[in-house]
Amino acid sequence: MAATSRTLEITVISAENLQLDRKPIKKNASATVRAENDGQFRTTDMDTEGGAYPKWNEKLVLDLPMQARSLTVEVQCKTSYGVRTIGTAKIPVSDFVGGFVPEGYLHFLSYRLRNHRGERNGIVNISVRMKVPELKACATTSSLSSMGFPMGDSSFGCGGVPTGIPVWCGPYPKSY
Amino acid sequence: MGNCFSNDTGGMSAVGGTAGAHGNPYDGPNDAVDLFLRNRGYNGLFSQIELSFAAIDLLDRDVLSKSDPMVVIYTKGRDGGLSELGRTEVVLNSLNPKWITKHNITYHFEVVQTLVFRVYDVDTQFHNVDVKMLRLEEQQFLGEATCALSQIVPKSDRLLTLDLVYREDSESSRSNRHRDRGKLIVHAEESVSSKTTVEMSLRCSDLEYKDLFSKSDPFLIISKLTESGTAIPVCKTEVIKNELKPAWKPIYLNIQQVGSKDSPLIMECFNFNNNGKHDLIGKIQKSLADLEKLHAIGQGENLFLPTTVGHDYQNKILKSQLFVDKFTESVQHTFLDYLAGGCELNFMVAVDFTASNGNPRLPDSLHYIDPSGRPNAYQKAIIDVVEVLQFYDSDKRFPAWGFGARPIDGPVNHCFNLNGSSHYCEVEGIQGIMMAYTSALQNVSLAGPTLFGPVITNAALNASQSVANGGRKYFVLLIITDGVVTDLQETKDALVKASDLPLSILIVGVGGADFKEMEILDADKGERLESSTGRVASRDIVQFVPFRDVQSGEISVVQALLAELPSQFLTYMRSRDVKPIL
């Protein structure tokens, strides 16, 4: 059966220069990663001492639907008035999928956070790695095409053979 | 302030007076990757190289016995002058000596460090004289060899065998010159202290009150003692507010930073004051070896306070104690480990052919080819950079592009192959680049505008294809330009994307343009680059230098450009946990 999602390992590393009401926050920042068109989200622990420069270094595993075009990272802060959003960043899936780099490549990505008024409010630093499924040489056409590989002529040989990528027996090779 | 990565704003203030109330706690841009590594205790680049020597088949200059050889090591300056680094011991009666004396030299990636080795047969009458006192003109010359340090360090075995030749300025007969004079074997080993990092967690107990209405705000400064007794700060902790039993975040020290594990360190505990006049709470003097023992036995050490009683200086022992809760040593892979372990630097060059350079046929043009052979600014920049980088690129085939020109039969092209080929962009060595450059000047007409986007994208494509093929390569693109970039936002977009690839970009500005805007691209000088979509560069991959700035100064353009390259390389490799194959 065709895969409907990809598994991402997202490490939320840190954020910089976070402010609430134009003042640097003192503590209790956390970050939430959310997939587009999907109720699924993951949240880091609170950094109780990092202030405006929190560090989480926390790995979150998230399933990203195949049709999703972006992820959202939201940084929030727990205050005496409740949890307040500091800023959000929209991460295009194209920043870590596609191109020449292999699927298991570890991407380090940083994004500008913007508050609800659209003003710049700090930066969030993350790393993203797509967990690569173990491909067998005899994998079915549907499972390969669902990974976004172009398909060859299905009349040639047994079933569809993906063009432009090597066919591996066993797990995909590491990027190094 | 050394390589201590547990700063916060207070800690920044700790040594330099008051920092801005909410300043960035790190000295430079807080790169995602840099922070990721700092949290794991990775430090900067320290490389002490230990040279050792052996020889085979030396000339026998003694009548009744074999030669008694000694090696004298020199470094060659840019002017060709030699300065002596040191001498080995004399090995008696041997034509195949292995010398025991090692010589240390600091490795500078950004400089071609030319070494000259001269082998002498020491006369019997001087065998009891200290080698430093020997007059070389009284000894018999056996031969000399020359190499660059960067020829040895990338080799997997770090060994280089050199033919010993006759000195050109020697008065000896020419017939002697071509005789086989044996071989010198040079081995370069990176000292272990260059690679060893200590992680320590420190805390204090029973500190004294130094503030009127609250407890103290303590932080530590760790300094090394020089031979003259001067204390040089190497590390500091963060400030912990209102606490008499502080436990600081772990600190990281490279052993070479402090000299050795037995070098004395002064550890001073201060009470932080906003005005920068911090009160000394107490101090101790311990080496890293002592601190390791304290950790092993789980005991604290009392701080003391220097006091004066009359004319005497005395140490008042305090109730306050310092504890070492954690002490671990780890060996990091260094830049040289990666080179020896099969990683390569691949060099690429892009030359600005826009009309603002002036007509290449006129002497006032930046592209003017001087019939006397004196290189123009473009040629000089290429030669200086490639001279350093070529040692780290095994095939010495370099992609070379031009931008901003109109080929004879087409529209303006912002990334064309310098060699004129439509199929491949690589040229062979420095000569290949020079020939392609001069022939391109004949075959294109200068145009404009100045766009960097296409060449950066092309370089990034090379880097990403290498990653896809499992290559262990790091790419370096040199862009030489005379003008301010026209497509600033597109360039930023391309650079932000490329910051996640094994790529660094060196930009040299030639001519008299105002390059203020170019410095925006170099994150050393300001904020991190941001793309039009809100993505920010995950690390600094750009080094910009205006050619004229450093032409007459002490530091060459190349040194200014290349100085950051090893740390950019390490940041990339370490963050991805790429290990050298050793």
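Modeller: Partly exposed covers relative accessible areas between the buried limit, under 20%, and the exposed limit, over 50%. The structure discussed here is a predicted model.

Biologist: Is B:K261 buried or partly exposed?

Modeller: Buried requires a relative accessible area under 20%. B:K261 has a relative accessible area of 21%, so B:K261 is partly exposed.

Biologist: Which residue does B:K261 meet in a salt bridge, and in which element does that partner lie?

Modeller: The side chain of B:K261 meets that of B:E292, with N to O at 2.6 Å. B:K261 sits in the loop between helix 5 (255-258) and strand 13 (265-271) of chain B, 31 residues from its partner. B:E292 belongs to helix 6 (residues 288-297) of chain B.

Biologist: Which residue of chain B is joined with A:R112 and A:R120 into one network?

Modeller: The network is built from salt bridges that share partners. Two of its members are A:R112 and A:R120, and the residue from chain B is B:E530.

Biologist: How many salt bridges does the structure hold over all chains?

Modeller: One of them pairs B:R118 with B:E144, and another pairs B:K326 with B:E199. Over all chains, the number of salt bridges is 16.

Biologist: How many residues apart in sequence are the parts that B:R118 and B:E144 tie together?

Modeller: The closest N and O atoms of this salt bridge are 2.7 Å apart, and both residues are buried. B:R118 lies in strand 5 (residues 114-121) of chain B and B:E144 in strand 6 (residues 140-148) of chain B, so the pair ties together parts whose separation in sequence is 26 residues.

Biologist: What pLDDT does chain B average?

Modeller: In chain B, 83% of the residues score at least 70. Residues 168-175 stay under 50, with 3 contacts beyond four places in sequence. Residues 549-554 are also below 50, and that stretch has 4 contacts beyond near neighbours in sequence. The average pLDDT of chain B is 81.

Note on methods. Residues numbered from 1 in each chain as written. Chains lettered and ligands numbered in written order. Predicted model: local features only at pLDDT ≥ 70, side-chain atom pairs only at ≥ 80, totals over all residues. Heavy atoms only, no water. pLDDT = per-residue confidence, 0-100. Contact = heavy atoms within 4.5 Å. Salt bridge = Lys/Arg side-chain N within 4 Å of Asp/Glu carboxyl O. Helix = DSSP H or I, 4+ residues; strand = E, 2+ residues; numbered from the N terminus. Buried < 20%, exposed > 50% of the residue type's maximum accessible area, 1.4 Å probe, protein only.
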